[in-house]
Structures are given as C-alpha cells and as structure tokens.
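Hi everyone, thanks for coming. Have a look at the sequence and the model on the screen, and I'll talk you through a few parts of it.

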Amino acid sequence: MTTMSTHQRAVEHIRQSYAEIPGDAAPRLAKATSNLFRFRDSGKTAKLSARDLDEVISVDPETLTAEVQGMTTYEHLVDATLPHGLMPYVVPQLKTITLGGAVTGLGIESTSFRDGLPHESVEELEILTGDGRIVVARADNEHQELFRAFPNSYGTLGYALRIRIKLRRVEPYVRLTHIRFTDADKCMLAMQEICESRTYDGEPVDFVDGVYFDPQEMYVTVGRFADRAPYVSDYTGMRIYYQSIQQRNRDWLTVRDYLWRWDTDWFWCSRAFGVQQPVVRSLMPRRWMRSDVYRKLVALDRRYGVVARVDRWRGQPVQESVIQDVEVPVEQGARFLEFFHDKVGMTPVWMCPLRATGDWPLYPLEPGKLYVNFGFWGLVPLPRGQFDGYYNRLIESSVHELDGHKSLYSTSYYGREQFWQLYNGDAYWPVKREYDPHGRLLDLYDKCVRGR
C-alpha cells in the first residue's frame, strides 16, 4: 500500500523523466513484469521507469472502489481487496498482469460473460499522455474520448498512472462443476444458454470458462460462490488444475486459489519446461511455479535460440510460435474449433465467453453480443516449404472471416490498411493527434504489427 501524496510525487517524477527523454528516442516503459509476446526490435529507445507506480493506494469497502497505481499487479490488488471480502469485477488469469496493462491492452476471465473486459469496471484514469501532460480521464469529462480510446491502445496514447476501479463482494469459496461434451456445436450451444440465463442446473452461476482437449472431449466449467466448502483442492504443488478437469466433475477452491488456478502452470504451458513431470515438479520450489518465471524463460530462449538449436540437432522441423487470444461470435465457435483442429492442431485450447458491456472503438466488439475467447499458446512444426508466420496468418484470416477479433499482445501480420479497418483507425487517429500531436509514442500499427 502507498499514500496519495507518495503517488503524486511518483507522478511528478515520471512526468519530469518523460520530458527529459531526447526527441529522437522512442519512450519505452520499463516494468518489472511483462505478459506481452511481441519481442520488439532494439532500435533507439529510452526507458521510462515505473518502479514507484506499482502499489495499491486505497480500498474503500463503502464505495466498493479501489485507487490503484497503474503498474500494480492484479496479484497485489487481490491481496489488498480479499481481506475486505471484495475483488475486481474481472481478474485476468495471470498474477503479474498489471492494471495499466489490462486497461491499455485487454484482459479477460471467467466473469467476462457477465462483466465484460477489465476496463469496463474502471471509473477514472490518470494518464501521462504522449505530449507530456497529466490528465484525468472519465466517461463524463472533457477527456472522455481518450477514456474510450484507451483500451487496446497499448501505450500508444499514453500510460495509465492511477486507476479507480469498481469492486464486487465475494464469498470465501468457489464451487466448480465441469461439464463434458463430445461435440463442439453442443458445447457452444450449452455455453451460450448458460451465459444468457446465468444459471446452470437451476442455480445461478458466477464464473464460466472451458477447455477444448480434442474434437471428442471438451468441457464447460461453471463456478458459483459459496460461504462454506466440504474440502478445498490445492493446485499450487504436485496437482495440476487443467488435468483435474478431466478427472472430476465437481471441485472446490478458495476464492484466491480459484482466481490464480491457471497461474501455477501458466495454463498448461509449464509442460514445455518439464515442470509437469513428477520428479521435476517435486524438486522445483513452489515460488518458481509462476507464469512470470516461465515468461522469463521464454524471453531467454528468444534471445539465445536454445529450443531451435536442439530441434536442429535432433533433426526436427522448424517450429512456429503460435501464441494468441482471439474472440469469435459464439455461434461461430464450433467452426473455429474445426478449423483450428484441422489446420493447426494444438491442444488444449482455453475457451472463455465474454460480452462487452459498452462500445469501445479500438476493439469494436458488438455490445451485448456473446463471443468466445479462444486462447492457445505454444510451438507448432511448420510444414515443409512454409516459413515463420504461416499458422498465425491462417488464424488471422479465419478469425476475420468469422467476424471475430484478435488481441494484439503477440505477433500480428496484418497489412496496414486492413489493420486500421479492423481496429478502427477513424476513431484512433483523432485521439492520437489530440494527445500525441508530435508522435512521441509509436502508433498502434508500428508497435503491434511492425514490432518497433
């Protein structure tokens, strides 16, 4: 925790630091953690330290709000709110996602079928803009266009320094029910019915997501708050959460363990590091079984090419990194899964329903319409004669054909004209010119596609 006066000093420090950056150097926010998979070219950049902007300022159980610095992780925010019996409306699934990252990028979780995306419960943003100003943006003040354009701008309009976010009351436990399907059409239909009625088996539901293992095995998981539990499972040690979905149809977790159920194994990506092997797992300290540790290992491999060298030594084909989250209308979900199984073949796939509660111009989902987020992360062997980008381009084309959208935290291959059509350049550029008229910050295309 910190105080508002301490926060104000940190704001003044970052404002002065920003003003001192040479005009020919692109500012780059230096954070302790990152969940981006766009590894940028080195270029001429100047790092802007955010180390003093990573605390919770206050939690107000009366107004059900929290004041939070922009680089605060959701792990720290949840640790501050749960003692009051509160949590944010949407808590992205990895501990080290920051509030500012989830707002200027996109986040999602199993409450998104009802509560939308993380930025939709934000009341106020304090922003360091591209032209060096500190502004407070809300939906009802003179900076409302910046407030609306900030989600999915990925730091190209400015940096979130302080966020006022709404909170909801919680109970101590979550009861989970895993529902198996052997047909994707029936799975998508059931997910749609559950999300629209907000009930399952005659009872209200608070959480909905799912996992696709193969065309004959997929699950929708529904969760409901509970004030008591007959037992609680622990997936922070030897047991692995996603494997439990196939092994039991009912489970109980504490609220905190439910929120971070995916983090211990980075969904299922820890298997790439051998961490799901019992011997390795028994020797690995629990404090290392975290998504941010795995992300650092990926960054090291990106730098030194260890996996590629091993594959060449073993005579294995070149592999392409396919790390993406896409949103597809629920009625097209089965078609996307069929395409993905036939053309890409990576499993498992995370399935998370969401419904935008408002109109957000840079990520134009139809308000009130149910989409399904499909998340898939790993390496896929390239067919002979194909080059890096083959699978990612196929996915982009399929998502576009199905009237969906793709998150921009990872690699993208869109042409400039198509990109601005998909991500609403008509709305972006007037705000960009207003708050970054000299182009101190990269534009969204240069940052998210060209990787500058």
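The helices (H or I, at least four residues) and the strands (E, at least two) are DSSP runs, numbered from the N terminus. With that in hand, β16 and β17 pair in the antiparallel sense, over six bridges.

A word on where this comes from. It's a predicted model, where local features need pLDDT of at least 70 and side-chain atom pairs count only at pLDDT 80 or more, while totals for chains, interfaces and linings use all residues. Residues are numbered from 1 along each chain as its sequence is written, and side-chain values use heavy atoms, with hydrogens and water left out.

Okay, the sheet. In what order do the eight strands of the open sheet come? The order is β14-β9-β13-β12-β16-β17-β15-β18, with antiparallel pairing. At the edges stand β14 (250-254) and β18 (405-406), and each has a single partner strand, so one side of each is left without a neighbour in the sheet.

Now zoom in on β17. β17 is mostly covered, with nine of its 12 residues buried.

Moving along the sheet, β9 (residues 173-181) and β13 (residues 217-226) pair in the antiparallel sense over nine bridges. In that pairing, threonine 177 stands opposite valine 222 in β13.

Which strands does helix α6 lie across? Helix α6 (residues 184-197) lies across β9, β12 (207-214), β13, β16 (349-355) and β17 (370-381), running at about 35° to β16. Helix α12 (residues 333-343) packs on the sheet too, touching β12, β15 (319-329), β16 and β17, and its direction makes about 5° with that of β17. The axes are lines fitted to C-alpha atoms, for helices over the stretch in contact, and the angles run from 0 to 180 degrees between N-to-C directions.

There's another bit of strand pairing to find, around β6. Strand β6 (residues 122-129) is mostly covered, as seven of its eight residues are buried. β6 pairs with strand β8 (residues 158-169) in the antiparallel sense over seven bridges, and there threonine 129 stands opposite glycine 158. Four bridges also join β6 to strand β7 (residues 134-137), again antiparallel. The β6 and β7 hairpin has four residues between the strands, and glycine 132 there takes a positive phi near 90°.

For cysteine 352, the nearest is that of cysteine 195, at 8.6 Å. Cysteine 269 is buried, with a relative accessible area of 14%, and cysteine 352 is buried as well, at 0%.

Last topic: the aromatics. Rings of Phe, Tyr and Trp (its six-membered ring) pair if their centres lie within 6.5 Å; planes under 30 degrees apart count as stacked, over 60 as edge-to-face and the rest as tilted. The structure holds 30 aromatic pairs. One of them is tyrosine 241 with tryptophan 262, edge-to-face at 4.9 Å centre to centre, with 85° between the planes. The two are 21 residues apart, with tyrosine 241 in helix α7 (residues 241-247) and tryptophan 262 in the loop between α8 (255-259) and α9 (278-283). Both are buried.

Another edge-to-face pair is phenylalanine 419 with tyrosine 445, at 5.3 Å centre to centre and 70° between the planes. Phenylalanine 419 lies in helix α14 (residues 416-422) and tyrosine 445 in helix α16 (residues 444-448), so the pair ties together parts that are 26 residues apart in sequence.

Key: Two strands pair if DSSP finds at least two bridges between them. Contact means heavy atoms within 4.5 Å. Buried means under 20% relative accessible area, exposed over 50%, partly exposed in between (1.4 Å probe, protein chains only). A disulfide is a pair of cysteine sulfur atoms within 2.5 Å.
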